[in-house]
Amino acid sequence: MRHTAFRHLTAAILLAMTATAPAMAQSPVTDPGSVTNPGVQAAPQPVTGEALPAAEDAATEETAAEEDAAMAATLPHDLSPIGMFMAADIVVKAVMTGLALASIATWTVWLVKSLELAAARRRVRRDLAMLDEARSLAEAVTGMDGQRGPAAALVRAAVAETRITREVTAGRPPASGAGLESRVASRLARIEARAGRMIARGTGILATIGSTAPFVGLFGTVWGIMNSFIGISESQTTNLAVVAPGIAEALLATAIGLVAAIPAVIIYNIFARAITGYRAELADASAAVARLVSRDLDRGGIAVVPAQTIGG
């Protein structure tokens, strides 16, 4: 009996194991180290938390690529001075144009006044040498026959004053030559001052450009940087590449202002020294004419000199 019951129990266990074996073969393998059945298709696995950062990185890279493409389409490709000028705001363009014209005016004044000063100083030195060699006013008139310039005007003024004096005194020699000398000196001083003003014409432009050009350029820079910050606010980005071209254009205005101002100041100082030297030489010529008048008075009178002898 016992052996019969044991055989029945064993048969029931084997039958149960045979029934459960196919179900176990069809179930998914959860153990990563176990070998799966190649003939059975694995069930889809759910998305885990490790795949989310990779997806976010891909989206971020795609967004950055789109932003770079948009910036490449909006940024200027020519950052040369001409390209920055063409891409600048209308106010900055006006400032740059005005400063460029001021620089052209500076070099034009330099060229014209250099030639004028060189010719004027060469002429007054030649006339001064002749006046120093003359022994009377009549001899000076003969030496400057047909010549023009400040020195000739000085001699002509002295001759005119002596002629008026002889007409007033009816040909009689004056009791004292002090009055004639003071009147001649007055005429000479006015001619000397007028010649100094004539030679200094145009240098005021240099002083104006030298003192105002840096501030005009700074105005263009401030305006351009203000527009750049407005662009930052509108685009809502702090990327320096977006605003760098506008800032470069603004700084170009200051650079042009300095290019216009620095030569103007240097050239003005050079001309100021040259004009001072010219006025000193003109003063020497005036003193030489006054000495000739004084010598003629010491000799007892001044010879009558025709008015048309000296060129106008």
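Predicted model: local features only at pLDDT ≥ 70, side-chain atom pairs only at ≥ 80, totals over all residues.
Reader: At what relative accessibility does V112 count as partly exposed?

Author: Residues are numbered from 1 along each chain as its sequence is written, and side-chain values use heavy atoms, leaving out hydrogens and water. Buried means under 20% relative accessible area, exposed over 50% and partly exposed in between (1.4 Å probe, protein chains only). V112 counts as partly exposed because its relative accessibility is 45%.

Reader: Which helix holds V112?

Author: Helices are DSSP runs of H or I with at least four residues, numbered from the N terminus. The protein chain has nine helices and zero strands. The one with V112 covers residues 90-133 and is helix 4.

Reader: How far apart are the closest N and O atoms of R125 and E281?

Author: A salt bridge needs a side-chain nitrogen of Lys or Arg within 4 Å of a carboxyl oxygen of Asp or Glu. R125 and E281 form one, with closest N and O atoms at 2.8 Å. This pair links helix 4 to helix 9 (residues 240-298), across 156 residues. The distance asked for is 2.8 Å.

Reader: What is the N to O distance between D132 and R291?

Author: Their side chains meet in a salt bridge at 3.6 Å. D132 lies in helix 4 and R291 in helix 9, so the pair ties together parts 159 residues apart in sequence. The N to O distance is 3.6 Å.

How values were computed:
Helix = DSSP H or I, 4+ residues; strand = E, 2+ residues; numbered from the N terminus.
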